[in-house]
Amino acid sequence: MTAKPTIPPLPYAIDHVAIAVANLDEAIAQYERMLGVRVAHRETIEEQGVREALLDVGGSFVQLLEPISQDSPVAKFLGKRGRGSITSRIGSPISSRRSPA
């Protein structure tokens, strides 16, 4: 019997995966059904021009972002790449920047 290879621990973790959406409420319902999770935090971030919802998926987050203005970076991202486009971030954890709602 051969030994299973071991994978060394990573020096980082994925804090969140951000998904640009056209309609936050519809996206929340869809991801709650698909992943069986609930919203951990929700807010409007005026200075970034978005409404956001964080879904806790076992220590990491799915961050849903809906633009609230046509000139916000997320609106431009959606215009360029389409709804459901994904970006991820390693480091600068969301969880340390926001307290639960």
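**Checking the labels**

Colleague: Why does aspartate 25 count as partly exposed?

Modeller: In this predicted model, aspartate 25 has 42% relative accessibility. Buried needs under 20% and exposed needs over 50%, so 42% puts aspartate 25 in between, as partly exposed.

Colleague: And what makes the meeting of the arginine 51 and aspartate 25 side chains a salt bridge?

Modeller: The N to O distance is 3.9 Å. The cut-off is 4 Å, so the pair qualifies. Arginine 51 sits in strand E3 and aspartate 25 in helix H1, so this bridge ties together parts that are 26 residues apart in sequence.

Colleague: What about arginine 51 itself, buried or exposed or partly exposed?

Modeller: Partly exposed, at 23%.

Colleague: Which other residue forms a salt bridge with arginine 51?

Modeller: Glutamate 66, with the closest N and O atoms 2.5 Å apart. That is within the 4 Å limit, so the salt bridge label holds. Glutamate 66 belongs to strand E4 and arginine 51 to E3, so the link joins parts 15 residues apart in sequence. In the strand pairing, glutamate 66 is also the bridge partner of arginine 51. Asp25, Arg42, Arg51 and Glu66 are linked in a salt-bridge network.

Colleague: Why is glutamate 66 called buried?

Modeller: The relative accessible area of glutamate 66 is 11%.

Colleague: What makes the link between the side chains of glutamate 52 and glutamine 63 a polar contact?

Modeller: The two side chains are joined at 2.5 Å. The distance limit for a polar contact is 3.5 Å, so the pair is inside it.

Colleague: How do you know that E3 is mostly covered?

Modeller: Of the 7 residues in E3, 5 are buried. E3 also pairs antiparallel with E2 over 6 bridges, while 7 bridges join E3 to E4, again antiparallel. At least two bridges are needed for a pairing, so E3 is paired with both strands.

Colleague: Where does the largest nonpolar core get its residues?

Modeller: That core has 11 residues in all, including Ile19, Ala53 and Leu64. H1, E3 and E4 each supply at least two, and H1 gives the most, with 4. A second, separate core of 7 residues includes Ile45, Val50, Leu65 and Leu78.

Technical notes:
Residues numbered from 1 in each chain as written. Predicted model: local features only at pLDDT ≥ 70, side-chain atom pairs only at ≥ 80, totals over all residues. Heavy atoms only, no water. Polar contact = N/O pair within 3.5 Å; in protein donor to acceptor, adjacent residues only side chain to side chain. Core = buried A, V, L, I, M, F, W, Y, C linked by side-chain atoms within 4.5 Å. Buried < 20%, exposed > 50% of the residue type's maximum accessible area, 1.4 Å probe, protein only.
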